[in-house]
Structure formats: structure tokens, C-alpha cells
Amino acid sequence: MCMVIFAPIFAICAFATCGGYYGQVRVKVDCGDNRQSNRSININFGYPFRLQQVHFKAPVCETKREEILFLDGDFSSAAQFFVTLGVITFLYSLLATVVYVFYQNKYLKNNRGPLVDFVVTVTFSLIWFLSSCCWAKALSDIKTATKPTKVLLLIPACLGPENKCTATQDPHWARLNASVVFGFANVILWAGNIWFVFKETGWYRMGHRYPTRSSSGKREMRQRLYSESSFDLQEENFGPQLSRQMSVNQTRKDLGIQLCREGSFNNSQMSYSLPQTYLGQPVIYGTKGMS
């Protein structure tokens, strides 16, 4: 999400600060013979920084005529490459935003979208780095070529000791300095997005399907095996005691059942058996004695 938001903004800031730059150098020439005194010269330059085509008119103190002079250097290739890359990045960012929002299913289909996005992201990261370095070097050369002291050396009238030449205005470089900063900000942004795009590809899933065992993973595996082996040993130690206790309980239970059965059988014998009595022989009493 951060990539979708900041990539177009950083791209616009990069090519806008470089492509729309306009600078001016102002010098003043004062001839010693007072023929042309306090003559101010304005030198305007800007994107694409073809300084060899920037011309200005300088007075010739020996006569009342003027001559046309040119600045030195051509830095258009680095500047145009930087601006073109910013425009392409801006357009690609808008296209990627539309795909992410409205065509997410087609983007993930057959894993082609993430792979293309990964390759483009890596390419933009490298190109932004090269372009920013080239543009930073070109900007340093532009500052040197448009330095007022360097411009005064191009004017023949300033080489004479009787003439006086001074610089009255220097170019403002804050905008071009910001363009270099935004260039390297794009490098950081696109390079940081490589990891998030890589996670969407099939290569990341394959790596997680078959993970490699690191030293910490091996250490955790050894600790887990050690804990499981110690638990098994505890079970083996407690096993005989549990079996012995279970056998004793089973014996007690069987003995109780047997005693219960014997007691019930004796009770049944006692309840169903009749007591034996001795009757003996009958006693017969005579009638004589009774009378």
C-alpha cells in the first residue's frame, strides 16, 4: 500500500523539480576607460542544460561594440534520462495501482503478475540508482560551469587589469538539490519494495514449502527430541509399578468376589437345612398306676 501511494508522488517530485528548473547568473562589467561603465549582463539557463547553446553579450572595453559568448558543457543526457525515468515510473505506478485495485484476480492468476512486477521492481531500483548518481554528478558539473567566477573568466574584458568585473547574482540550487534527494528516495522506495513483491511470487512459497533448517531450528529440534525421550523414560519407569499395582488390585478384587460367593453359599445352606432332633423311643404309661 505504501508503494502504491508514495511511488507516483516521489516520481512526480523527481522529474518536476529537475525538468522545470530555471536559473540565472548576473555579472557586472565596468570598463576602465569609462566607455561602458557598470554594464550588467544576465545569463539565463535551464533544463535540459545544454550550456554550450546558452549565449550572452559581453562588452568589449576597447571599442563600443559587443561580442557573443557561450557557456561550457552539455549535461542534457543525464538530465533527460532522469526526467524520462521519472515520467515512466509515474505511469507504471498508476498502471500498477489500477491492476492492484480492479484486477487482483488476473494479477495473481498463473503467478505471472507477481513475477513481472518483481522483475520491473528490481529493474527500476537499479535504473533509479544509476540515474540518480549520474544526475548528481551532472549537477555538480553544472554548478561549476555556471559559477560566477567561472563565467567572468569567459569574458575577455574581465581579463584586463584596468577593467572591473563583479558577480551580482548566483543561481539558486535548492530545486535541483531536491531533485537529487527525490531521486535517491525513489531508489530506497523501489529497493524496499522488492521484498514485498517477492513474497507474492511462487519462489517465496516454494521456499516456505521446503524450509531449510537453521542452527536455531536444529537446536529446537534436539531439545524437543530430548524432552520426548525423557518423557518416554518416565513412562517406562512408571510402567512396571502401574502394572504391579493393577495386578494387586485385580487380585484383591477377585478375592473379594470369591469370598462374597462363599459367604452367600454358606448362608443358603444354613437357611435351607433343618435341625436334627432325637425323638427316642415312646414311653407307655400303664393304666394300673393311674387307677
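Phe6 and Phe10 both belong to helix α1 (residues 2–19), where four residues, about one turn of the helix, separate them. Helices here are DSSP runs of H or I with at least four residues, strands are runs of E with at least two, and both are numbered from the N terminus. The model is a predicted one, in which local features need pLDDT of at least 70 and side-chain atom pairs count only at pLDDT 80 or more, while totals for chains, interfaces and linings use all residues. Residues are numbered from 1 along each chain as its sequence is written, and side-chain values use heavy atoms, with hydrogens and water left out.

**Aromatic pairs**

Rings of Phe, Tyr and Trp (its six-membered ring) are paired if their centres lie within 6.5 Å; planes under 30 degrees apart count as stacked, over 60 as edge-to-face and the rest as tilted. By this rule the count comes to 15 aromatic pairs. One of them joins Phe6 and Phe10 in a tilted arrangement, with 6.0 Å centre to centre and 50° between the planes. Phe6 is partly exposed at 37% relative accessibility, and Phe10 is likewise partly exposed at 22%; the term covers values between buried (under 20% relative accessible area) and exposed (over 50%), computed with a 1.4 Å probe on protein chains only.

Phe45 and Trp173 form another tilted pair, at 6.1 Å centre to centre and 40° between the planes. This pair links distant parts of the chain, since Phe45 lies in strand β2 (residues 39–46) and Trp173 in the loop between β5 (164–169) and α6 (174–198), 128 residues apart. Phe45 is buried, with a relative accessible area of 3%, and Trp173 is buried at 17%. Both residues also belong to one aromatic cluster, formed by Tyr21, Phe45, Tyr47, Phe49, Phe82, Trp128, Trp135 and Trp173.

**Salt bridges**

Side chains of opposite charge can pair when their charged atoms come close. A salt bridge is taken as a side-chain nitrogen of Lys or Arg within 4 Å of a carboxyl oxygen of Asp or Glu. The whole structure contains two salt bridges.

| Salt bridge | N to O distance |
|---|---|
| Glu66 and Arg39 | 2.0 Å |
| Lys137 and Asp141 | 2.9 Å |

Glu66 is in strand β4 (residues 66–70) and Arg39 in strand β2, so their pair ties together parts that are 27 residues apart in sequence. Glu66 is partly exposed at 33% relative accessibility, and Arg39 is partly exposed at 25%. Lys137 and Asp141, by contrast, both lie in helix α4 (residues 112–145), four residues or about one turn of the helix apart. Asp141 is partly exposed, with a relative accessible area of 27%.
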